[in-house]
Amino acid sequence: MIETIRFRLNGKPTTLRIEGDRKLLWVLRTDLGLTGTKFGCGENLCGACTVIVDREPVRSCQLPVNEVRGKEVITIEGLEKDGKLHPLQEKFAEHGALQCGFCTPGMIMNAYGLLLKNPKPTRDQIISAMDDNLCRCGCHKRIIRAIEGASAQM
Amino acid sequence: MKQRQYKVMDQHRPGNTLSLGRRDFIKLVGGGIVVLFHAGDTAFLEAQGRGGYPTDFNAYLRIGEDGRVTVYTGKVELGQDVVTSLAQMAADELDVSLESIDMVMGDTDLCPYDMGTFGSMSIRFFGPALRSAAAEARATLVQLAAARLSTPADRLSVEDGVVFAASDKSRRVTYGQLAKGRKITRTLEGKAATKPVSRFAVMGKPAKRRDARLKVTGRAQYAGDIRLPGMLYARILRPPAHGATAKQIDTSGAEKIPGVTVVREEDLVAVLHTDPEAAEKALETIKTEFDLPKAAVDEETVFDYLVKAAPPAQETERKGDLAQGEKTAADVFEARYVNGYGAHATIETHTAAAKVEGGRVTVWTSTQTPFPNRQEVAQALGFAPENVHIITPFVGGGFGGKSSSGRQAVEAARLAKAVGKPVQVCWSRAEEFFYDTFRPAAVVTIKSGIDSAARICLWDYRVYFAGSRSAEQFYDVANNLIRVYGQWRGETTKAHPFGVGPWRAPGANINVFARESQIDIMAAKAKADPLEFRLNNTSDKRMRSVLQAVADRFGWKKAPAPSGRGYGIACAIDAGTYVAQIAEASVDKSSGSAKIKRIVCAQEMGIVINPEGAQMQIEGCITMGLGYTLAEDVRFKGGQILTKNFDDYDVPRFSWLPEIETILVKNDELTPQGGGEPAIVPVGAAVANAIFDATGARLFRMPMTPERVRQSIRSI
């Protein structure tokens, strides 16, 4: 069913006339042209599609777009402010916490969600929060350091 | 000395000796100085059977009018960071800053032929050619500057792209000024003088990834991020098993859905829509009946099946006499080692976007092999190869999985041609597991022996379906025979019920798991310390140096295994690089779960171009290695792939992560060796030996799942 869905996307009011059961991931990637959020598994298993909905990290591949009605959605494209990188982005780059880069937006958004709730996480809390985000290149050690670095700076 | 071509060409009258391809290329890139250079090691390329292409040079270097330098390479960026290390090489030899280098990679119209990005070969084989070309370009520019400044070339210096008189810095001219208004092509043959390590200014220094900013902002484009006007998203009908044949396919339901386009060609049935989810729904309406072949093998029976199906042996090494070795032996050991099928499981699935326009097709695709893909697409569409343009955006991981075929590129191109609109094909995770060219299941049997002084005197080694990579003998064994029954590629792979192919360091992981486990078995029997046993049995200096380095850093204290400490050591040679690792494991004996607490790795890889990049690759190798070692196993029944997503294929996670320490053992006497694969190779054996040291249980099968470890502990 075509519905009108209003929500805030990366700080801007957004209105869509759209089938409400379509998944947020594909609406972002096709209708809205925001391709930073990635498809990896389609079943909430890899975390490549992670975005923030009302301050919570959410897997967008399984989330019907009508569930973000009236909510605040942040994607990787929304982190950089006036050309200035978010500390997480800065630290991921500084620590070389990425290789192929395909899981990176989901990693950063998941970590962003963690730091919103818990600005000074312990290493164990970081590992536990990040454990369902998969990285095949094996950057885990550097990702942990990048999150710790960003936390210290924020 | 080989003859060299050196032409200064008039802008309006291109030299008639240039081939069409080169002329087109120069038209494309505009003015400036262009250096064409030959493949790094043509003999090697020919040995790979991929020679014979019309252009025999392997890359271009262009000095633009703005002073920027563009490197055109058929290599692609999959995460291994050659986008940085190749740029370092060019910058250093040219005496320009790293920031002034632009990389154009994996574009078949702009970049000259390259067989592909695999085998840890970018730095090792492409690197020397690139450095020579850059050195040659620098020499050319200095000659031009000499004429401009009326100063002999040997009295000029270069810094940051500015040529100046050594005696008077104000007499200067920039590369950009020299390149301006002149179009110079130079075909490089043979070697130009490149810098010795002592003069490295950019190489050998850790450099930050040059693609990091794009990747942390989500701006880095992958094949699935290409958006073309009017593009349709395709979902393709797949058989339920490899070898299945369709009896009936009914697409009438899909044809009735508004906005859905159905394509039916003999071996390609697809539904397309402007919304990928609508295409997916349309796919679900297709009714099918398939004939399934009888399932011949599964995960448990495959090893015996493979040994029976094996082709005749190829001997790769023979020394001494096995019978003599057995006579000399005080103890003889026989064991069989196996591993199942492994998936590449890149987070980016195979993806391509294609458009056909004016008799030409352009395909953006996630591949390690853009040039072979061009041939495949050309053949599938009946186009001449020059009418196929493959563009490789950033690739979301490869590990060999995106080098075997260009299936998704062919699918996208065929569909784009069929519907007359741009088409994107993005495989689902289940399709990715179905069409993955797995690391083949493989078997190694070893009969070995030691004499009364604990010297290895017998080595009878047979490997089935994995080839001999990293099986080469570096222990001092008088009686040694290595036999290979089938490779991980080529004709013999048809024995498998589905596609197999290269997987990071193909074949080497099982070979080293088997050899280094066997070495530990012998050391344990001799009640010798595993490190000392190795040192006593090899005189290979490079191997001894990495073994010593890793032991020193780890704080290895001598003890025969099983010591209860959970320490395991293993070493290997791969892609010209020497690597030794020590793993520390703790094993929960009731569950069989092995936790790897620490891995120390020493690697000697000749001259190191980017120590930061090399370390990243080592860490990645070790982490990925834990997957094949402990958990990754594709489930299947005949041609049916039962593993469909990450809930059934456990790749390494944050919670698995050991402390990882890396040591780069210096060897500036040797040209750069491979870096993308070697450190993954010893992980299996280091962990197996650590589990043995912790528990006394010896594992002969990878992955060493908790269930298998538990069973092994019980059977002691």
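Predicted model: local features only at pLDDT ≥ 70, side-chain atom pairs only at ≥ 80, totals over all residues.
Helices (H or I, at least four residues) and strands (E, at least two) are DSSP runs, numbered from the N terminus.

**A loop with a cis proline**

Please select Pro703 of chain B, which sits in the loop between β30 (701-702) and α19 (706-714) of chain B. The peptide bond between Met702(B) and Pro703(B) is cis, with omega about 0°. Next, move to Pro562(B), in the loop between α16 (541-554) and β24 (567-574) of chain B. Here a cis peptide bond joins Ala561(B) to Pro562(B), again with omega about 0°.

**Two residues with positive phi**

Select Ser150(B) in the loop between α4 and β6 (156-159) of chain B. Ser150(B) is not a glycine, yet its phi is positive, at about 50°. Is Ser150(B) buried or exposed? Ser150(B) counts as exposed because 8 other C-beta atoms lie within 10 Å, and the cut-off for an exposed residue is 12 or fewer.

Lys527(B) is the next selection, in the loop between α14 (508-525) and α15 (530-537) of chain B. Its phi is near 55°, a positive value in a residue other than glycine. Lys527(B) is exposed as well, with 11 other C-beta atoms within 10 Å. As background to these stops, most residues other than glycine have a negative phi, and most peptide bonds are trans.

**The seven-stranded sheet of chain B**

Display the strands of chain B in the order β12-β13-β10-β20-β17-β18-β19, which together form an open sheet of seven strands with mixed pairing. At the edges are β12 (261-265) and β19 (388-391) of chain B, each of which pairs on one side only. On average, neighbouring strands of this sheet are turned by 25° against each other, direction ignored.

Within the sheet, select residues 232-236 (β10) and 423-426 (β20) of chain B; these strands run parallel and are joined by three bridges. Which residue of β20(B) is the bridge partner of Leu232(B)? The partner is Val423(B). Helix α11 (residues 370-381) of chain B lies across β18 (360-365) and β19 of chain B, at about 140° to β19(B).

Colour chain B by domain: domain 1 covers 5-217, domain 2 covers 223-292 + 350-426, and domain 3 covers 302-341 + 438-714. Where domain 1 and domain 2 of chain B meet, each contributes 16 residues to the contact. On the domain 1 side, these residues are six nonpolar, six polar and four charged.

The largest nonpolar core has 254 residues, and those with the most contacts inside it are Ala90(B), Ala412(B), Val550(B), Val687(B) and Ile691(B). Helix α4 (residues 122-149) of chain B gives the largest share of this core, 12 residues. Centre the view on Val687(B): beyond four places in sequence, the residues it touches include Gly568(B), Ala583(B), Ile596(B) and Met704(B). In soluble globular proteins, nonpolar side chains tend to be buried together.

**Chain A and its two domains**

Turn to chain A, where domain 1 (2-78) and domain 2 (87-153) are assigned. The centres of these two domains of chain A, taken over C-alpha atoms, are separated by 21 Å. In their contact, 14 residues of domain 1 of chain A meet 13 residues of domain 2 of chain A. On the domain 1 side, β3 (50-53) and β4 (56-59) of chain A are the elements that give two or more residues. Of that side, β3(A) gives the largest share, three residues.

Next, select Leu114(A), in helix α3 (residues 104-117) of chain A. Why is Leu114(A) classed as buried? It has 20 other C-beta atoms within 10 Å, and a residue is buried if 20 or more lie within that distance. Leaving aside residues up to four places away in sequence, Leu114(A) touches Pro121(A), Ile126(A) and Ala129(A). Glu56(A) is 58 residues from Leu114(A) along the chain, and their C-alpha atoms are separated by 8.2 Å.

**Where the chains meet**

Finally, show both chains: the contact takes 43 residues from chain A and 48 residues from chain B. On the chain A side, the elements that give two or more residues are α1 (24-31), α2 (87-94), α3, α4 (123-130) and α5 (140-153). By class, this side of chain A has 22 nonpolar, 13 polar and eight charged residues.

How values were computed
Residues numbered from 1 in each chain as written. Chains lettered and ligands numbered in written order. Pairing = 2+ DSSP bridges. Axes fitted to C-alpha atoms, helices over the stretch in contact; angles between N-to-C directions. Contact = placed C-beta atoms within 7 Å. Domains from an automatic or database assignment. Core = buried A, V, L, I, M, F, W, Y, C linked by C-beta atoms within 7 Å. Nonpolar A, V, L, I, M, F, W, Y, C, P; charged D, E, K, R; others polar.
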